[in-house]
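Subject: Handing over the structure

Hello,

Here is the structure I promised to pass on to you. Have a look at it first, and then read on for my notes on what turned up.

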Amino acid sequence: MFKKLLLLTVGLCFALVASAQKIMTPSAFLGYDLGTQFTPHQRVIDYFKYVAVTSKQVDYKDYGTTYEGRPLIAMIIASADNIKKLPEIRFNNLALAGLEENNAAGKSVTNAAPPLTPRS
């Protein structure tokens, strides 16, 4: 019985280690320490894309291009649960700012947080 329990525990540990996210550091990805040499824009974009594909806690967005045709990007880093709820979080933030009347559930959120008042 003990051997079966030990074998199950070891197997579970291997499964957890195998499924853990392993994200390379920028230095490991680029092949040199940051700041020791120039990094072209495309290599920076490649690293951000790598992180977005590797992690469930990142939402990668292209939002335009520069006048030279380089991509402009934004990354949102949050828990995996909050990444799934980004539209709802955005809508609620707009409502709290007074730009939307109701949240996605139809409940008023304008009184969800007290207004900020400047201190004198």
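Lys61 is partly exposed, with a relative accessible area of 41%. Its side chain meets that of Asp59 in a salt bridge, with N and O 3.4 Å apart. Asp59, on the other hand, counts as buried at 18% relative accessibility, because the cut-off for buried is under 20%. Please keep in mind that this is a predicted model, and that every value in this email is computed from it.

How many salt bridges does a search of the whole structure find? It finds two. The other one joins Arg70 to Glu68, and the closest N and O atoms there are 3.3 Å apart. In this pair Arg70 is partly exposed, at 40% relative accessible area, and Glu68 is partly exposed too, at 47%.

Now to the core. The largest nonpolar core has eleven residues, among them Phe29, Leu30, Tyr32, Ile45, Tyr50, Val58 and Ile73. Helices H2 and H3 and strand E1 each supply at least two residues of this core. Which element gives the most to it? That is H3, with five residues.

Phe29 is found in helix H2. Leaving aside neighbours within four places in sequence, Phe29 is in contact with Met24, Arg43, Asp46, Tyr47 and Tyr50. Phe29 and Tyr50 are 21 residues apart along the chain, and their C-alpha atoms are separated by 9.1 Å.

Thr39 sits in the loop between helix H2 (26-30) and helix H3 (41-54). A polar contact of 2.7 Å links the side chain of Thr39 to that of Tyr32. Beyond four places in sequence, Thr39 is in contact with Leu30, Tyr32 and Val44. Is Ser55 buried or exposed? At 8% relative accessibility, Ser55 counts as buried. A polar atom of the Ser55 side chain lies 3.0 Å from the backbone nitrogen of Gln57.

Towards the end of the chain you will come to helix H5. The buried residues of H5 (residues 86-96) are Leu86, Asn92 and Ala95. What covers them includes E1, strand E2 (71-77) and helix H4 (80-84). Just after H5, Gly98 takes a positive phi of about 85°.

Finally, a word on confidence. The protein chain averages a pLDDT of 78, and 66% of the residues score at least 70. Confidence is highest in H3, at a mean of 96, and lowest in helix H1 (residues 2-19), at 42. Over residues 1-19 the pLDDT is below 50, and this stretch has zero contacts in the model beyond near neighbours in sequence. Where pLDDT is low, the predicted coordinates should not be read in detail.

Enjoy exploring it, and do write back with any questions.

Best wishes

Note on methods: Residues numbered from 1 in each chain as written. Predicted model: local features only at pLDDT ≥ 70, side-chain atom pairs only at ≥ 80, totals over all residues. Heavy atoms only, no water. Salt bridge = Lys/Arg side-chain N within 4 Å of Asp/Glu carboxyl O. Buried < 20%, exposed > 50% of the residue type's maximum accessible area, 1.4 Å probe, protein only. Helix = DSSP H or I, 4+ residues; strand = E, 2+ residues; numbered from the N terminus. Polar contact = N/O pair within 3.5 Å; in protein donor to acceptor, adjacent residues only side chain to side chain. Contact = heavy atoms within 4.5 Å. Core = buried A, V, L, I, M, F, W, Y, C linked by side-chain atoms within 4.5 Å. pLDDT = per-residue confidence, 0-100.
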